[in-house]
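Have your viewer ready and try each task before reading on.

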Amino acid sequence: MKFDKDIRLFRRTRALEAEIDKFLDLLSEGGLLFKHAVRDYLDHGSCDEFEDKLRQVNDIESAADDLRRSIETQLYSQTLIPDARGDVLGLLENLDNITNRIEGTLWGFSIENPDIPAVYKEDFRQLVEMVVEAVEAVVLASRAFFRNIDAVGDHNHKVMFYEKEADKVSTKLKRAIFGSNLDLAHKTHLRHFVENLDNVADWSEDVADRLAIYVIKRTH
Amino acid sequence: MDVSVLFFLTSGIFLGWALGANDAANVFGTAVGTRMIRFTTAALICSVFVILGAVFSGAGAAHTLGKLGAINALPGSFMVAFSAALAVYLMTKASVPVSTTQAIVGGIIGWNLFSETLTDSSSLAKILSTWVICPILSAVFAVGLFKLLNWLLHRYPIHLLRKDAYIRVGLIFAGAFGSYSLGANNIGNVMGVFIPASPFTDFSFAGLFTITSIQQLFLIGAVAIGIGVITYSKRVITTIGGGLTPLSPIAAWVVVISHSIVLFLFASQGLEHFLASYGLPTIPLVPVSSSQAAVGAVIGIALVKGGRGVHWRVLGSIGLGWVATPVLAGVVCFVGLFFMQNVFNQQVYTPVHYGISEPVLRKLNSEGISGHKFNAVVGESFNSAVDFTHALDQVPSLGGNTYPDVLKYAKLHDIFIDPSLLVNLESGTLSKLKVAAVRLLAGRRFEHEWQLADALAELEPEWQTLPASKFNRIRNKNLKSDLTYLYRLFSAVD
């Protein structure tokens, strides 16, 4: 009977592992949809394709929320990984925040319909590219935290790199916007979107920083 | 059945309870401390396996009599068990993991002093070496195992959750196994001395299996240990599982395993016998204790992590506790015996007399100890081992190293193989051939214990002591335990 119970323990563990993987998959998928949605907006404004992707991100965000809650409940109700439980909880909530920010930014595009002059579009494209690379890297770092803790550093390094690149692009973009002849309302409106995009990368970096601390805690 | 037996049994139960409260931490302390296993789960598993170990493995000949077998009067055993239990209880109250065996040895030394029995000087040396060698050995194993495990996990990484599940299962298995050994190894100390006075009789369960009176007695002791685990073990568990230094789940598992490895490698006569029987080199047996091994392993892990997390104050109080345990038990026992004898009028020891008669001289001669030297003491009777040794000091050219043998052969013990007591052998641990040999001696009377042993050895090869060797060690030890059982059962001394 005891052996039976152990088997059940392993089965539960595998199910939970799968849920965590699914959560990270959703985050990664959300990032990729975000990139395509912003590109669609830049190319065609608030078109059907854009709205469709926004809906998908919306679904992903609520699915990720449900998964996160389920994982957290299981971790605590089954008293799993007692030494890393708090860290995992923090990690999942911060990762979830990335999806929330992605969703919020896309809603901003949909509602506020910002008018992005053609001259800045390439920089916007580059910015979203860097931001999504940072998100992808932080997803890999998080996966490594669960599966191969030694590899977290390699991925974290990339998160830092892309966050810096995103910063460079956003600074360049903001300088260009405020150096232009656009009216102030338009300028501040555009800045708002640049910052929203850049914030996703900043948040990814924050998660990476936390991960680095968790790794130190678990390996020293 | 004498009601006083039941009263005396209570100190055995108290000792069992104290042992459970203190020693559960050695097998489950780190698992509970790291929150890998809930206290209630751990206490339940521990209690069940302690009971199984005590009832099914504890009744073997090697463990039955336990340390208290040296005490020759039931009220004396009561006091030794009580003083040991009190010492262990006080240490448990102070959250200090201590060795119950050392508390018992301390109590026995108190009894020895009171009854003017000689204390085997090696028992003191054993206690001292256990404080030092055992934790060091355990720490070395813990460090090695911890490094190996970390290297393996570095090399072959596994999912955080799966690692957690494996460690959890590992902790449960190691804890259950450790609890089983805890019960098997310690029940003799708790209950062994009461076997000859056991108020129970064998009963058969639906004709399927029989529960012997010894097993029933051990069941009571084991239940006491189990209750100790459930009701009072949390304090020491907290010390081992985090009070000394914070531990990770892997470290928790390493502590339990290295503690078990040390106990198995350095204290297992079974392993020695196995290695010797295949002509392999044996591992030297050293006195080890579960509590000392567990503390050593925890400290080993803390040191490999740089030693920063060690709470030195806790370690200091543990060290003090180790010294205080046998001393306290000894003092309490000595004072308690005084009161039992003089206030409650109990006979706390049976005076042992010594005398060198003709048969003893012949025996000494045959054992290579020249008989003529003893002319000055032949025919005299001595009322205690201490008196007798003083007299031996006057014997010219008698080396001190022969004293134990001379004492053994000169010890007077009126033994009568009472035919009405033979029925008690059926439920004991003796083999059929051994029992048959004893039956042949029914009605005989012996003046010395060795005479009975010699008579039995002549009748039945199973009763013969084999030449001392690593291979024969267990057999001879069991033989000695069986003989002691007979000496007690057929003792014609009040």
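A residue is called buried if 20 or more other C-beta atoms lie within 10 Å of its own, exposed if 12 or fewer, and partly exposed in between, with C-beta atoms placed from the backbone. This is a predicted model, in which local features need pLDDT of at least 70 and side-chain atom pairs count only at pLDDT 80 or more, while totals for chains, interfaces and linings use all residues. Residues are numbered from 1 along each chain as its sequence is written, and chains are lettered from A and ligands numbered from 1 in the order in which they are written.

**Exercise 1. Locate Tyr349(B) and decide whether it is buried or exposed.**

Step 1: Tyr349(B) sits in the loop between H13 and E3 of chain B. Helices (H or I, at least four residues) and strands (E, at least two) are DSSP runs, numbered from the N terminus.

Step 2: Tyr349(B) counts as buried because it has 21 C-beta neighbours inside 10 Å.

Step 3: Leaving out residues up to four places away in sequence, Tyr349(B) touches Asn72(B), Ala73(B), Gly76(B), Trp111(B) and Ser115(B). Contact here requires C-beta atoms, placed from the backbone, to lie within 7 Å.

**Exercise 2. Work out the strand order of the open sheet in chain B.**

Step 1: Two bridges join strand E3 (residues 353-355) of chain B to E4(B), and these strands run antiparallel. Strands count as paired if DSSP finds at least two bridges between them.

Step 2: Tyr354(B) has Phe382(B) in E4(B) as its bridge partner.

Step 3: The three strands take the order E4-E3-E5 (chain B), with antiparallel pairing. The edges are strand E4 (381-382) and strand E5 (411-412) of chain B, each pairing on one side only.

**Exercise 3. Describe where chain B meets chain A.**

Step 1: On chain B, 16 residues are in contact with 17 residues of chain A.

Step 2: Helix H7 (residues 160-191) of chain B supplies the largest share of chain B's side, seven residues.

Step 3: That side of chain B divides into seven nonpolar, four polar and five charged residues. Ala, Val, Leu, Ile, Met, Phe, Trp, Tyr, Cys and Pro count as nonpolar, Asp, Glu, Lys and Arg as charged, and the others, Gly among them, as polar.

**Exercise 4. Check the confidence scores of chain B and of the model.**

Step 1: Chain B averages a pLDDT of 87, with 95% of the residues scoring at least 70. On this scale, the predictor's confidence in each residue runs from 0 to 100.

Step 2: Among the elements of chain B, helix H3 (residues 61-64) has the lowest mean pLDDT (51), and helix H13 (residues 312-342) the highest (95).

Step 3: The model scores ipTM 0.88 and pTM 0.85.

Notes:
Two residues are in contact if their C-beta atoms, placed from the backbone, lie within 7 Å.
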